[in-house]
Amino acid sequence: MPPAPPAADSSVGPRSDGDAPPLRVSDLTVAYHRKPVLERASCTVPAGSLTAIVGPNGAGKSTLLKAALGLIPAATGGATFWGQPLKKVRGRVGYVPQRSEVDWDFPITAAGVVEMGLYREIGWLWPVGSSHRARAAEALGRVGLAEFAHRQIARLSGGQQQRVFLARALVQGADLYLMDEPFAGVDAATERAIVDLLHELRDAGKSVLAVHHDLSTVPEYFDRAILLNKTVRAAGPVDEVFTAEVLKEVYGGRLAVLDSSLSGGSPSPLGGAPLDAVD
Amino acid sequence: MGDFWTYNTRIVLAGATLLGVTGGVVGVFALLRKRALVADVVGHAALPGVAIAFLASLLLGGPGRDEPLLMLGAAVAGTLGAATLTLLGRFTQVKEDAAMAIVLGVFFGLGAALFRVVQNAQGGGAAGLNTLLFGKIALLVRTDVLLFAALAAAALAVCVLLRRELALLCFDPEFSASIGRPVLLLDLALSALIVSVAVTGMQSVGLILVVATLVTPAAAARFWTDRLGPMLWLSGTIGGLAAAAGVLISASGEKLAAGPLIVLCGSAAFGVSLLFGPRRGVVARTLRERSVRQAALKGGSSPAYGGSD
């Protein structure tokens, strides 16, 4: 009798669905009005990692996330999640859009926004039950906004609004999170709260891919980086990828920003040595 | 009272009120999706459809004024107008406001030209252009009202059932798509709701003012609440009350058209809301700003919100 094949164990966490990584983007090209904004980009997000997408303005960072999620059409290529099309694993993927993309004057409370993260699970016509409300409240608590649950979202600060968005993603209970500029325009307290949350997610075996614009904090906040400028210029662990040469190449002549933001880092980045992750 | 409270008045009152409620409820989503003016385009774009339906009815030996056929014509042309708008936005670089002006102008121009043909063919008999432009609710008969009532009730039911998904579509369409919702279909459903309100509302207030039955109650309701549920209730109530008040004033007075009165009653409700709405109203804001200023003068801290920006 041949040995039984390994049973598909549904109790096993996200790391063990074969060898396929949570996200694999291959050969992705996206064009707006025939102008390519992303050309043949390929990259992967390994399980249990925090990955930053960095690159200059217009490099296609948000586009990569949106095209991977099928929110905008791809001209070539596409993305698989744990080796499968998104349709099959949608419940395991959470998306945090850019805060500036929605109208915060909308008549809804913070708790109402967080409950949106449960709509998929609740279904089209069923009411939002008390257990759903409890989970939304718990997610708001995790981002430190428990007492703001019933406040209309326009009367929250920018940082608090960003945390509401994160709570909405948390309540989805996803295994992979795609976040578009989660640190954009937030106060220091929120920045700290988001970093803690990211590390919490990683410790729970989840993976995060986030568009990030502040080069100086990449080594501290993230494990891995994808350097993007129309296509993937470099990708890997931050200490391998985040070197002065690579950054100079990706950002062109705009390294003045880098010099100041990286000054004070342990080994001089301009010496060519890899930047250590400050931890 | 006998003369005033006729059977026909009651029929008209019931029909107009239902149209008002539906306009108010659909209007909330139209407003939140920033599609309020689409109703204006749809209303104007419906005109050539009505003219063509009228001519078709005459050619087929009908009476010309065949209400269901006219509404079908209006719905088809209105939908074509909305579709043209969407296509212009998606496949050309024409900006949205310009696209609306273009579609409105082309369809309405065509409709006005066709109506000359209708009037020549008919000797100016039945449906004059005026009743379409400003409504003809006083002329409604029972079967018309039943037809509108059915349409309005259906639109209302769709709104109530889909309110949560429509709200998500309005607030954050990308997130809606990311959880697998068919955003394009939901948007089409919203457009269909707007078209149905525009086409039925044409009967009560006319195509020029139909946009007001969608926008005004919703905009008024927003002043009183920060939540969607109460906003839907309020907007529907304001729309229904404005329509009822308009019909009643029209029936009691001399030579006052119901359509414009309905819109004026809705506008009055908006005016009151604009002034006296809590927190967002002009009076409340003025008082708040004054108290902040006084607190600042005293050197105290202002009663700010929790946020920093």
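The second largest pocket of this predicted model is lined by 36 residues, and those nearest its centre are R163(B), R164(B), L228(B), G229(B) and P230(B). This pocket holds about 1000 Å³ of space. Both chains supply elements to its lining: at least two residues each come from α3 (110-116) and α5 (130-142) of chain A and from α1 (7-32), α6 (142-161), α7 and α11 of chain B. The helix that gives the most is α11(B), with 7 residues. By class, the lining comprises 25 nonpolar, 6 polar and 5 charged residues.

The largest pocket has a volume of about 1800 Å³. Its lining counts 46 residues, of which R33(B), R35(B), R90(B), L184(B) and D187(B) are the closest to the centre. Two or more residues are given by each of β1 (23-32) of chain A and α3 (67-91), α4 (96-122), α7, α8 and α9 (183-205) of chain B. The largest share, 9 residues, belongs to α3(B). Here the lining has 27 nonpolar, 8 polar and 11 charged residues.

The interface between the two chains may be considered next. In chain B, 33 residues are in contact with 38 residues of chain A. The area buried between them is about 3200 Å², with carbon and sulfur atoms giving 59% of this area. Across the interface there are 5 salt bridges, including one between the side chains of E174(B) and K66(A), at 3.3 Å from N to O. On the side of chain B that touches chain A, the elements giving two or more residues are α7 (163-171), α8 (173-178) and α11 (228-252). The largest share of that side, 6 residues, comes from α7(B). Its classes are 15 nonpolar, 6 polar and 12 charged residues.

Methods:
Residues are numbered from 1 along each chain as its sequence is written. Chains are lettered from A and ligands numbered from 1 in the order in which they are written. This is a predicted model: local features need pLDDT of at least 70, side-chain atom pairs count only at pLDDT 80 or more; totals for chains, interfaces and linings use all residues. Side-chain values use heavy atoms; hydrogens and water are left out. Contact means heavy atoms within 4.5 Å. Buried area is the accessible area (1.4 Å probe) that two parts lose on being put together, summed over both. A salt bridge is a side-chain nitrogen of Lys or Arg within 4 Å of a carboxyl oxygen of Asp or Glu. Helices (H or I, at least four residues) and strands (E, at least two) are DSSP runs, numbered from the N terminus. Ala, Val, Leu, Ile, Met, Phe, Trp, Tyr, Cys and Pro count as nonpolar, Asp, Glu, Lys and Arg as charged, and the others, Gly among them, as polar. On a 1 Å grid over the protein atoms alone, a cavity is a set of points where a 1.4 Å probe fits but cannot get out, and a pocket is an open set with protein on both sides within 12 Å along at least five of seven lines; lining residues have an atom within 4 Å of a point. Grid points are joined across faces, edges and corners, and a volume is the space filled by probe spheres set on the points.
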